[in-house]
Amino acid sequence: MVSSVSCPVPPEQRPQEEFVELSRSWFFTWPCQSQIDLDRALLISWLLISPVSVLVASGSWTLRHDPVRLCLAGGVAALVLPMLLLVRQWLGWSYVHKRLLSEQVEYEESGWYDGQVWEKPLAWRERDLLLAQHEVRPILGRLGRAMALVTGLMLGGASICQAL
């Protein structure tokens, strides 16, 4: 950060620090590299939860005697976990994106009851804008495409399950 500017915002509440913290998190790095890495992580989470969802779906009397619909219903139900993971990632990255684009930084000095607002200097705004446009926006794009894919799979799978 610029050393000539006195910043009252605690370091852990600065938008750039929040970006770095999110970028270092194991969970939030899934969409950082490429769409393939994100898809692979989501596929692994789907494969891990699928046996559990098929087991739960086998509790249905009508599905128990129809193994094709049972597996399909379990597979569609297992897509809920990847979707929840995507929503959590979207919320984290969109929060940081909003903080980076803001001209002011809202922060708390010691608790929720003493919120303050600090105007970013121009140099900080420019740096934050570059981070938001060139680092966070592509991540949000990958997350949006993945959510659209999972939603399409859920709708398609549910439609096929109803058609059978």
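What is the handedness of the crossing of α1 and α6? The crossing is left-handed, and helix α6 turns up again in several of the points below. This is a predicted model, in which local features need pLDDT of at least 70 and side-chain atom pairs count only at pLDDT 80 or more, while totals for chains, interfaces and linings use all residues. Residues are numbered from 1 along each chain as its sequence is written, and side-chain values use heavy atoms, with hydrogens and water left out.

**Terms for the helix pairs**

- Helices (H or I, at least four residues) and strands (E, at least two) are DSSP runs, numbered from the N terminus.
- Two packed helices are described by the angle between their axes and the distance between the axes.
- Axes are lines fitted to C-alpha atoms, for helices over the stretch in contact, and angles run from 0 to 180 degrees between N-to-C directions.
- Angles under 35 degrees count as roughly parallel, over 145 as roughly antiparallel, 65 to 115 as roughly perpendicular and the rest as oblique.
- A crossing is left-handed if the near helix is turned anticlockwise from the far one by less than a right angle, and right-handed if clockwise.

**α1 with α6**

- Helix α1 (residues 15-24) packs against α6 at an angle of about 30°, and their axes are 10 Å apart, which makes α1 roughly parallel to α6.
- From α1, the contact (heavy atoms within 4.5 Å) uses P15, Q16 and F19, and from α6 it uses W124, R127, D128, L131, E135 and V136.
- By class, the contact of α1 with α6 has five nonpolar, one polar and three charged residues; here Ala, Val, Leu, Ile, Met, Phe, Trp, Tyr, Cys and Pro count as nonpolar, Asp, Glu, Lys and Arg as charged, and the others, Gly among them, as polar.

**α4 with α6**

- The axes of helix α4 (residues 67-78) and helix α6 (residues 122-163) come within 9 Å and cross at roughly 155°, so α4 is roughly antiparallel to α6.
- This crossing of α4 and α6 is left-handed.
- On the α4 side R69, L72, A73 and V76 take part, meeting M154, G157, A158, I160 and C161 in α6.
- Sorted by class, the contact of α4 with α6 has seven nonpolar, one polar and one charged residues.

**α5 with α6**

- α5 and α6 pack at about 160° with axes 9 Å apart, so α5 is roughly antiparallel to α6.
- α5 passes α6 in a left-handed crossing, and by class their contact has 19 nonpolar, five polar and two charged residues.
- L84 is in helix α5 (residues 80-101) and counts as exposed at 54% relative accessibility; buried means under 20% relative accessible area, exposed over 50%, partly exposed in between (1.4 Å probe, protein chains only).

- L143 lies in helix α6 and is buried, with a relative accessible area of 0%.
- Leaving aside neighbours within four places in sequence, L143 is in contact with P31, L38, L86, Q89, W90 and W93.
- S45, in helix α2 (residues 35-57), is buried at 8% relative accessible area.

**Strands β1 and β2**

- β1 and strand β2 (residues 115-119) run antiparallel and are joined by five bridges; strands pair if DSSP finds at least two bridges between them.
- Opposite Y107 stands Q116 in β2.
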